[in-house]
Amino acid sequence: MSSVAYIAAATNRYPHAADTTASIASFGSTNLIALWHIGDSGVRETLAGHDGAVTCVRFISDDAMVTADDCGVLIYWYKSTQWHLHAKIQAHEKPISSICVHASCIVTGSSDASLKIWELDTTTETAAFVARQTIQMKGRYPLSVAIGYLPMSKALIIAAGGTDTKIHIWIRSEDVSQFVPSATLPGHEDWVRGLAFRPPVHTGDALILASGSQDATIRLWTIEQLNQGGWEQNNNAETAGDPLSDELLDAFEAALGSLGDGEEGGRQISLKRHLMSVTTQGRRQQYSITFDALLVGHEAGVTSLAWRPATASQTPTLLSSSTDSSLILWSPSAALVSGHPTAPVIWTNRQRFGDIGGQRLGGFVGGRWTSKGHEVHAWGWAGGWRRWKCEAPSKEGQEFQDREEIWTEVGAIGGHNGPVKGLNWSPGGEYLISAGVDQTTRIHGPVSPLPTTSASAEIIPIWHELARPQVHGYDLLDAVFIDRLRFASIADEKVMRVFEASRGFVELAQGLGVAEFRPEEYERPATASVPPLGLSNKAIGTGDAPRVAEPTAIVRRPFEGELASITLWPEIEKVFGHGYESITLAISPSRRFIATACRASTPEHAVVRIYDTQAFRAVGQPLEGHSLTVTRVAFSPDERYVVSVSRDRSWRLYEKQDAGGYIPACADKSHGRIIWDCAWAKEGDVFATASRDKTVKVWSLKAGGSRWTAIATIKTKSAATAVDFAPVNARGRRRLAIGLETGEIFIYSGEVGTPTTEWYLDSTFDNTLAHVNQIHRVSWRPQQEGAQELASCSEDGTLKILIVQEAVGC
């Protein structure tokens, strides 16, 4: 059975685009829902169902969640043995910006300036969303919503913050179905982007609401039941049904208001109590909301808030994330907590994670607790995650002590934050490089996990991102390895750039068991850096003496905050030649030649240029013949031929000359639409072309002639955009992988040497295992035994390595 070995996916730039349980993180990655089982295993599954970018993810339970997107669609997912889509509805006309859940009650906020309350009906075989109420926000967008029970009650309270700097409160009594407006909480000076309720842990505890704003502050609000004992002594039997008379209530509010509004740091601090009345357990009950604390510590806007999962032995802890590239854990002062219960509570910055000085672009978009409060996870502007683990968490039954907790950063996951345009295996298949429009190239490799105590346990390498050798200023379109320690890349510019590995990468790959290197391969610069306002990576440090990583040395993979800074490769060459921006790149099997093409609308620029990979000098004359942009180039295994395909719907074949260079040998224009990709079989007897006309054609040299003819045509249900051949197996059959515009991948196989090759469908990777948008590249891993691995990259922003089992009889 086919499966997935690796998924590289970035998190969308929305503060509600991810949620966690004790063991799973679920996040939106473009149109997909990615599921990460907490630990070093990485993302193992993606869920397809949204047509727009996922903006909100919320777990209802460990096996149920709701998600929303920027098309206004709301989806309910449920897991029995696997995750399945159980309900889908067009909830809003515009993007859904926030969501919160409480049992079967779901609240969605949208940029159509409304809140909607839904009831999730799971009583039938197919679940359904039932609309209960719509609350108009009067032109203001809700950026965050939270819901919970009022203390000692089953009455619900909703808090919503948005673009008007205020927090709006609605409550719903136990015996009614509609929420009613109850209070408006002023105080923040900018948009309110984060809200979180902390439910009471003990009977009599207050409900705490935390609000975070772009004004860089966090406010804590206490929601508690008013003690009516004192009032009842002053009321007679006639007023027992109405505990607070109008006159007394007016006097009480006036007295509270006279507590005063003070100025501190230019901010208005109001201690006024906001009173609410609900029906609970058949009687009217009064509640108050009071501003309790102002938390100042972030240097930029607060993006999300999350309370630590509550236990009786732990002090309340609030996690906040900010665009200043920091996470903060806030708790009441331990000295005051253990003191008199009526003493004022002072909240302090107990722990700070992230980067000092807010140097990272965009900072943190959101943060969450996992592992029952023993881990903190956060994702940044680039979509990658960072993870901190509590090495010595407090034990059950023990008094919470700050000194018992030691937080350490550990490895997390990441991926390209945008379409992935190109990928290429190292010559020996040890690792893989990818290029994306997020202006980065990334190297991925299988990392051997730490040894276990069980001698019988099988050690299975786990794929991770190892390095980010190029962080550019233009969208990157393709990258190919020249050898395993050099690669070339092209971007949306006229130049091809060549990079050489740093000593740091060699030591890392050796130490993690990804590849073996000779001592002389350590003689290279230590690392590289990008100068201010520059695009070229400059070498740092020289390595004259060979250095080999010691077997006992502790080597770990880089964290997300390090990948873009300490894993760069020095740039060693620039290659010019084209008059317009580069579009495709190809390397010959021997790695001696490299071919490039650029955007073109005239025959003059629709040429392929070939260079040698030693001095990067042009080989022969540019290969002419096309009239529009060349979309892909491929060398035959013996490098005798070069085939190119183009937007002009034709392919052209060039043959190598003894004097050097290539000359036109054959051409064909039988495809009806753009030809997106081409690939040679590893045996060199056939090549394939993939076109938007929903066909893949296999071409072979006619016996005794010089003309190449189509010996097979494979029809696909949508445009074919990527194609690659696998080597012939022991049964004399070879596989052909075809990627489609819809994100699906089909694996065909055919016998070698038959006059008219018949291709049979072996397996299909649908949107569940493959992608949900156009596939740009598919590539078989070279020199591999056992089950074959197929790498693919897509417009949906994910890179995947699929394990393709051999079909019976193939």
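Two strands are taken to pair if DSSP finds at least two bridges between them, and strands themselves are DSSP runs of E with at least two residues, numbered from the N terminus. On this basis, strand S30 (residues 375–380) and strand S31 (residues 385–390) run antiparallel and are joined by five bridges. The structure is a predicted model, in which local features need pLDDT of at least 70 and side-chain atom pairs count only at pLDDT 80 or more, whereas totals for chains, interfaces and linings use all residues. Residues are numbered from 1 along each chain as its sequence is written, and side-chain values use heavy atoms, with hydrogens and water left out.

The protein chain contains five helices (DSSP runs of H or I, at least four residues) and 60 strands. Of its 810 residues, 55% are buried, a term that denotes under 20% relative accessible area, with exposed meaning over 50% and partly exposed the range in between (1.4 Å probe, protein chains only). The accessible surface of the protein chain amounts to about 33,500 Å², and carbon and sulfur atoms contribute 50% of this area; the areas come from the Shrake-Rupley method with a 1.4 Å probe. Among contacts (heavy atoms within 4.5 Å) with a separation of 6 or more, 52% involve residues 24 or more positions apart.

Strands S30 and S31 belong to an open sheet of four strands in the order S29-S30-S31-S32, with antiparallel pairing. From one strand to the next, the twist averages 25°, the axes being lines fitted to C-alpha atoms and the angles running from 0 to 180 degrees between N-to-C directions.

Four residues separate the two strands in their hairpin, where Gly383 adopts a positive phi near 90°. On the other pairing of S31, four bridges connect this strand to S32 in an antiparallel arrangement, and Trp388 stands opposite Glu409 of S32. Strand S31 is largely enclosed by the rest of the structure, because five of its six residues are buried.

A search of the whole structure identified 35 salt bridges, each defined as a side-chain nitrogen of Lys or Arg within 4 Å of a carboxyl oxygen of Asp or Glu. One of these joins Arg484 to Glu521, with the closest N and O atoms 3.1 Å apart. Arg484 lies in the loop between strand S37 (476–483) and strand S38 (486–491), and Glu521 in the loop between helix H4 (503–511) and strand S40 (527–529), so the pair ties together parts that are 37 residues apart in sequence. Arg484 and Glu521 are both buried. These two residues also take part in a salt-bridge network with Glu430, Arg518 and Glu520.

A further salt bridge links Lys682 and Asp724 through their side chains (3.8 Å, N to O). Lys682 is located in the loop between strand S50 (675–680) and strand S51 (686–691), and Asp724 in strand S54 (residues 720–725), so this pair ties together parts that are 42 residues apart in sequence. Lys682 is partly exposed, at 39% relative accessible area, whereas Asp724 is buried, at 11%. In the salt bridge between Glu571 and Lys574, the closest N and O atoms are 3.0 Å apart. Here Glu571 counts as buried at 13% relative accessibility, while Lys574 is partly exposed at 35% relative accessible area.
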